[in-house]
Amino acid sequence: MSVIKINFDDGTKKIELNGDSNKVLTWNPTDINFVDRYLFFIDWVQNEYIEKVEKLSTSLKSIEDYKVGTTIALGEEFNKELDKVFGEGTSKIAFGNMNPISPISNGKFLFDNFISALDPVIKESFDKFESNSEKYRKQAEQLKKSLKK
């Protein structure tokens, strides 16, 4: 039996990270579920996660204050939430084995640099989604009116 293959536009987009063609995130900005997942993720980062990271950094006065495994747990928590948004393995693509709360030379955390670079791309796609949604809503209204006649 032969297999019939088809290709169609499903709205999927790809984002290449740091110019590395082996580090590509795939996502679909037209997926309503993605919109929810991403907005929940950003809200979680801004209202819960950053507070946990800041609490850790302010509570450490010396190495004796450090509880082994704390940074690992915070990194794993971030990776788990990121993978919920984009799919399993996304955090590995983005960060490799590096902890996302690692401080980077610009003074920010790795996860903050990642979100700062990613967010404008996502927001632009949301704007296009809203524009297309409005166009389809109008078409649906016209179709509904024509069917009532």
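**Figure 1. Confidence across the elements of the predicted chain.** For the chain, the mean pLDDT is 85, and 80% of the residues reach 70 or more. Where pLDDT is low, the predicted coordinates should not be read in detail. This is a predicted model, in which local features need pLDDT of at least 70 and side-chain atom pairs count only at pLDDT 80 or more, while totals for chains, interfaces and linings use all residues. Residues are numbered from 1 along each chain as its sequence is written, and side-chain values use heavy atoms, with hydrogens and water left out.

Figure 2. The secondary structure comprises 4 helices and 2 strands, running β-β-α-α-α-α from the N terminus on. Of the 149 residues in the chain, 30% are buried (buried means under 20% relative accessible area, exposed over 50%, partly exposed in between, with a 1.4 Å probe and protein chains only). Contacts (heavy atoms within 4.5 Å) between residues at least 6 apart in sequence join residues at least 24 apart in 51% of cases.

**Figure 3. The largest nonpolar core and Phe41.** A nonpolar core is a set of buried Ala, Val, Leu, Ile, Met, Phe, Trp, Tyr and Cys residues joined through side-chain atoms within 4.5 Å. The largest such core has 29 residues, of which Phe41, Phe78 and Phe114 touch the most other members. At least two residues of this core come from each of β1, β2 (20-27), α1 (32-59), α2 (70-86), α3 and α4. Helix α1 gives the most to this core, with 10 residues. Beyond its neighbours within four places in sequence, Phe41 is in contact with Phe78, Glu81, Leu82, Val85 and Ile115.

**Figure 4. Arg37 in helix α1****.** Arg37 counts as partly exposed because its relative accessibility is 31%. Apart from neighbours within four places in sequence, Arg37 is in contact with Asp31, Lys84 and Val85. Arg37 and Glu81 are 44 residues apart in sequence, and their C-alpha atoms are 9.4 Å apart in space.

Figure 5. A pocket is found on a 1 Å grid over the protein atoms alone, as an open set of points where a 1.4 Å probe fits, with protein on both sides within 12 Å along at least five of seven lines; lining residues have an atom within 4 Å of a point. The volume of the largest pocket is about 280 Å³, taken as the space filled by probe spheres set on the points, which are joined across faces, edges and corners. The lining has 13 residues, and Leu17, Asn18, Asn113, Phe114 and Ala117 lie nearest the pocket centre. β1 (13-17), α3 and α4 each supply at least two lining residues, with α4 giving the most, 6 residues. By class, the lining has 9 nonpolar, 2 polar and 2 charged residues (Ala, Val, Leu, Ile, Met, Phe, Trp, Tyr, Cys and Pro count as nonpolar, Asp, Glu, Lys and Arg as charged, and the others, Gly among them, as polar).

**Figure 6. Two loop residues, Asn18** **and Lys108****.** Asn18 is in the loop between β1 and β2 and has a positive phi of about 50 degrees although it is not a glycine. With a relative accessible area of 77%, Asn18 is exposed. Lys108 lies in the loop between α3 and α4 and is partly exposed, at 33% relative accessibility. Not counting residues up to four places away in sequence, Lys108 touches Ser102, Pro103, Asn113 and Ser116.

Methods
pLDDT = per-residue confidence, 0-100.
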